[in-house]
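Here's a quick tour for anyone meeting this structure for the first time. Have a look at the sequence and the model, then read on.

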Amino acid sequence: MARKSLIVKSQRSPRFPGRAHNRCRLCGRPRGYIRDFGLCRMCFRKLALDGEIPGVKKAAW
């Protein structure tokens, strides 16, 4: 779990645009971020398997 202070800090607009960090909207994790969904890989996987993300399904070939 990310520290609360870093989550709040990342929600503020940065002084310079290059300082912005991407963080998961649910848990605040900075690594494993998927831009298209705004989630980290673990939250994405959990929501996708529960069927809460429309258009996403498990691959089968």
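## Before we start

A residue is called exposed when its relative accessible area is over 50%, buried when that area is under 20%, and partly exposed in between. One more thing to keep in mind: what you're looking at is a predicted model.

Let's begin with lysine 9, which sits in helix α1. Is lysine 9 buried or exposed? Its relative accessibility comes to 52%, so lysine 9 counts as exposed, given that the cut-off is over 50%.

## A buried arginine

Now for arginine 23, which you'll find in the loop that runs between α1 (4–11) and β1 (33–34). Arginine 23 is buried, and yet it makes no salt bridge. Which side chain of opposite charge is nearest to arginine 23? That would be aspartate 36, and it is 19 Å away.

Arginine 23 does have a backbone atom to look at, though. A polar atom of the arginine 23 side chain lies 2.6 Å from the backbone oxygen of glycine 28.

Side chains of opposite charge can pair when their charged atoms come close.

Lysine 46 has a relative accessible area of 53%, so it is exposed. Aspartate 50 has 47%, so it is partly exposed.

## After helix α2

Glutamate 52 and arginine 35 are 17 residues apart in sequence, and their C-alpha atoms are 17 Å apart in space.

Valine 56 also has its place in the segment after α2 (41–49). Is valine 56 exposed, partly exposed or buried? Its relative accessible area is 22%, so valine 56 is partly exposed. Eleven residues separate valine 56 from arginine 45 in sequence, while the distance in space is 9.9 Å from C-alpha to C-alpha.

Conventions:
Residues are numbered from 1 along each chain as its sequence is written. This is a predicted model: local features need pLDDT of at least 70, side-chain atom pairs count only at pLDDT 80 or more; totals for chains, interfaces and linings use all residues. Side-chain values use heavy atoms; hydrogens and water are left out. Helices (H or I, at least four residues) and strands (E, at least two) are DSSP runs, numbered from the N terminus. Buried means under 20% relative accessible area, exposed over 50%, partly exposed in between (1.4 Å probe, protein chains only). Lys and Arg count as positive and Asp and Glu as negative; His and the chain ends are not counted. A salt bridge is a side-chain nitrogen of Lys or Arg within 4 Å of a carboxyl oxygen of Asp or Glu. A polar contact is a pair of N or O atoms within 3.5 Å; within protein, one must be able to donate a hydrogen and the other to accept it, and residues adjacent in sequence count only if both atoms are side-chain atoms.
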